[in-house]
Amino acid sequence: MDKDIEAYFKMEKELVRKHRGKYAVFYNGKPVAIEKKLDKALEKARKKTGARRFFVHPLYPFKEQVNAIV
Amino acid sequence: MKVWNYKDDAPVIPVVLLGKHRDIEELALVDSGAKHCVLHEDYKKSLDLDKIDESYTRGFGSKRKIPTDICILSLEIDGIIENMECIVIKGKYYPDDLPRVVLGRSLLNKFKIILDGRNKKLHLEYNGETGI
């Protein structure tokens, strides 16, 4: 997962600019699916890789997410 | 004892949410002020979690109580698997830009956790015995 997290933060700015609000699915340090619906993104990722475990993150700036009071 | 660095000044840790047919890895916000673990509805659906009950909760930017589902979630932190009840909040009540997984005391109380804010590190120990 560390590889995917690292890849996500390297690409976050660009991904958020292009796909804000969608879900990004990463596998082996690369984005393999970006979709509005999480289910659809995961299914696309499974078809592409054959795997069942993926790193997932909604495309909003991480700083904004953790600045919120839950 | 496992140690993670804060990200953007926040205590978040990588977790794996174990589903029936797929698993989701995500960064979860550690929130000792939250009684329960909280999950966005999309994750419940994708993990195919069974609802065991319904309830109402406050928070998440709403002045009113909001309806929630309660599910049993299996969650893995650095190889340790724990099952616990979690609150699932529907997408329409969930502010878009909030973390999708929040770890509250229903999980955190099973660990010894130190928030070392000065050094921006989170230390976590399982049962005081098994280092994770």
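Reply: A:Ile34 counts as partly exposed because 17 C-beta neighbours fall inside 10 Å; the rule is that 20 or more other C-beta atoms within 10 Å make a residue buried, 12 or fewer make it exposed, and anything in between is partly exposed, with C-beta atoms placed from the backbone. You'll find A:Ile34 in strand S2 (residues 30–35) of chain A. Strands here are DSSP runs of E with at least two residues, helices are runs of H or I with at least four, and both are numbered from the N terminus. Leaving out residues up to four places away in sequence, A:Ile34 touches A:His19, A:Lys22, A:Ala24 and A:Ala41, where a contact means C-beta atoms, placed from the backbone, within 7 Å. As for A:Ala45, 11 residues from A:Ile34 along the chain, the two C-alpha atoms are separated by 9.0 Å.

Keep in mind that this is a predicted model, so local features need pLDDT of at least 70, side-chain atom pairs count only at pLDDT 80 or more, and totals for chains, interfaces and linings use all residues. Residues are numbered from 1 along each chain as its sequence is written, while chains are lettered from A and ligands numbered from 1 in the order in which they are written. The model scores ipTM 0.93 and pTM 0.91.

Now over to where the chains meet. Strand S3 (residues 53–58) of chain A pairs with S3(B) in the parallel sense, over 3 bridges; pairing takes at least two DSSP bridges between two strands. In that pairing, A:Phe54 stands opposite B:Ile24. Overall, 28 residues of chain B are in contact with 23 residues of chain A. On the chain B side, strand S2 (12–18), strand S3 (23–30) and helix H1 (41–47) each supply at least two residues, and S3(B) gives the largest share, with 6 residues.

Chain B as a whole has 2 helices and 11 strands. Its 132 residues would give a compact globule a radius of gyration near 14 Å, and chain B has 15 Å, which agrees; that radius is taken over C-alpha atoms, and the globule rule is 2.2 Å times the number of residues to the power 0.38. Buried residues make up 36% of chain B.

Conventions:
Contact = placed C-beta atoms within 7 Å.
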